[in-house]
Amino acid sequence: MMGIYVDHSSTTPVDPRVLEAMLPFYQEQFFNPSALYPEGRRVQAALGQSRQTIADYLNCSPEEIIFTSGGTESDNLAVLGVMERLGKKKFITSKIEHHAILSATDYLEQKGFSVVVLPVDEYGFVSPAELEKNIDDDTALVSIMWANNETGAIQPIEELCEIAHKHGALFHTDAVQAIGTQEIDLSKTKVDLLSFSSHKIYGPKGAGVLFFRKGVELVPRNMGGQQEGFLRGGTENVACIVGMAKAIELLKQEREGRCAKLSDLSDDLLVWVEKLLQDVKINTPKVNRIPGVINMSFKGVEAEPMMILLGAAGICASMGAACNSSSVEPSHVLKAMQVPADYIRGSLRISFGKDSTAEMPEQIATELDKILKRIRK
Amino acid sequence: MKKVLIAGGLCGTTMLMAAQNVTEACEKQGIDVKVTVHNLWEGAAITGAGYDIVIEMFPYFENLSCPLLSGKPFIGRIGEKQLIQEIIELLKNPKEA
């Protein structure tokens, strides 16, 4: 394992216990779960058990679970699958969504749907009043992420969902960043659709879930197979699905302990940042945030040299910016939060994980101090 | 042959255009030059040694023996002509860092 890995919002290492659960399905249990002979039925049973494990955790029924390749596919299926099924024409989302949602939004607009992209306040929160102002009876779906991947801000999901339902609209939430730390009970939280992916909770890449509440109708995006109730054709990625279920099982046992540790780590980092660093703005809100994620911006500094020098020092973090071949654009999330121009280009996200150590906050802040002094020189 | 290094990050296209502009300007002045573009993400171990001039797109290098210039004018295009002129002067009249 390399030096200090603090980019868990981007992806997490596969837990050894998850890998152990996956291996048989790469080896002796390689059979197609759609096959009718006994070996195939046993693999189908493993899929069924995985579905049940995840349904139990979410407190929903197994029939309300679709296995996908990850969060992006789940988001696309939720948004496009609903919008192309219902007769209504309006879709509402927010400026800080993941690009899976924002690209689907652009697609809907091109197809003639009317879309509204809600603003956020300086801390990255969507205002229920803003949703109330923009929703109407022609609104088919509202999609607001549960927690933001760049700042960790947790949205008022239940309130937003209530407003959507009041106007007869469905509500989807991208819970990719929330699932690892937030309690998700779909008998209490009345969202109609919810996405998450395995590789953010110490499971493998290549597996995700779309929860769709009974009665919600979807137009499939992957056609050509009877899998997942004809809603997602394609031979199932059995090993990764089994691994995802194991990751959920471990999350169920360890979530609270992980949250306590992540909270301490991010709080410690803020203490060290305040002690050592100057001209820094903390973009992550003080309250209503997922533990373990801190997004900060440094005045008059470009993120890129910071990242390269951090990488050279063995620290893996994220600069939370979109890169194209000619320049580095500031993050759309921080732009939506109107982070000041002289700070926004120097933004950095630190996202701890369950195996991060207590020394890391000090180590990171100390290295940042050296790097900032060098760059600002 | 003079050797110039342009080092930066993800602004690949910007660096390639800068390299072309520097090469053309030097040719007009009869300066035989080889301009190398390097993406520091691909390997930050580059030390900048062995070049007549190093141009960094953001602050990165330290303690170079050759002149070190900021490549920021290539990004914003403001002051680009003056920077190219400075490069030509330095290549004609070498100076230590």
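Reader: Are B:Tyr60 and B:Phe61 buried or exposed?

Author: In this predicted model, B:Tyr60 and B:Phe61 are both buried. That word is kept for residues with under 20% relative accessible area.

Reader: How many aromatic pairs are there over all chains?

Author: The count is 3. Two rings pair if their centres lie within 6.5 Å.

Reader: Why is the pair of B:Tyr60 and B:Phe61 called edge-to-face?

Author: The ring centres of B:Tyr60 and B:Phe61 are 5.0 Å apart, and the planes stand at 85 degrees. An angle over 60 degrees counts as edge-to-face, so the pair takes that name.

Reader: And why is the pair of A:Phe30 and A:Phe31 called tilted?

Author: Here the centres are 4.2 Å apart and the planes are at 35 degrees. Stacked planes are under 30 degrees apart and edge-to-face planes over 60, so A:Phe30 and A:Phe31 are tilted. Ring pairs also link these two residues with A:Tyr37 into a cluster.

Reader: What makes A:Phe30 count as exposed?

Author: Its relative accessibility is 57%. The label exposed applies over 50%, so A:Phe30 qualifies.

Reader: Why is A:Leu23 called partly exposed?

Author: A:Leu23 has a relative accessible area of 36%. Buried is under 20% and exposed over 50%, so A:Leu23 is partly exposed. This residue lies in the loop between helix H1 (16–22) and helix H2 (38–58) of chain A. With A:Val14, A:Leu19 and A:Tyr26, A:Leu23 forms a nonpolar patch on the surface, and together they have about 350 Å² of accessible area.

Reader: How do you know that the charged end of A:Lys354 sits over the ring of A:Tyr202?

Author: The charged end of A:Lys354 is 4.8 Å from the centre of that ring. The rule asks for a distance within 6 Å and a position within 35 degrees of the ring normal. In chain B, the charged end of B:Lys3 sits over the ring of B:Tyr51, at 5.2 Å from its centre.

Reader: What is noted about phi of B:Asn63?

Author: Phi is positive, about 55 degrees, although B:Asn63 is not a glycine. Most residues other than glycine have a negative phi. B:Asn63 is in the loop between strand S3 (53–56) and strand S4 (68–70) of chain B. With 79% relative accessibility, B:Asn63 counts as exposed, because the label applies over 50%.

Terms used. Residues are numbered from 1 along each chain as its sequence is written. Chains are lettered from A and ligands numbered from 1 in the order in which they are written. This is a predicted model: local features need pLDDT of at least 70, side-chain atom pairs count only at pLDDT 80 or more; totals for chains, interfaces and linings use all residues. Side-chain values use heavy atoms; hydrogens and water are left out. Patches are made of residues with over 30% relative accessible area and no salt bridge: like charges are joined within 9 Å, nonpolar side chains (Val, Leu, Ile, Met, Phe, Trp, Tyr) within 5 Å. Accessible areas come from the Shrake-Rupley method with a 1.4 Å probe; for residues, only the protein chains shown count as cover. A salt bridge is a side-chain nitrogen of Lys or Arg within 4 Å of a carboxyl oxygen of Asp or Glu. Helices (H or I, at least four residues) and strands (E, at least two) are DSSP runs, numbered from the N terminus. Buried means under 20% relative accessible area, exposed over 50%, partly exposed in between (1.4 Å probe, protein chains only). Rings of Phe, Tyr and Trp (its six-membered ring) pair if their centres lie within 6.5 Å; planes under 30 degrees apart count as stacked, over 60 as edge-to-face and the rest as tilted.
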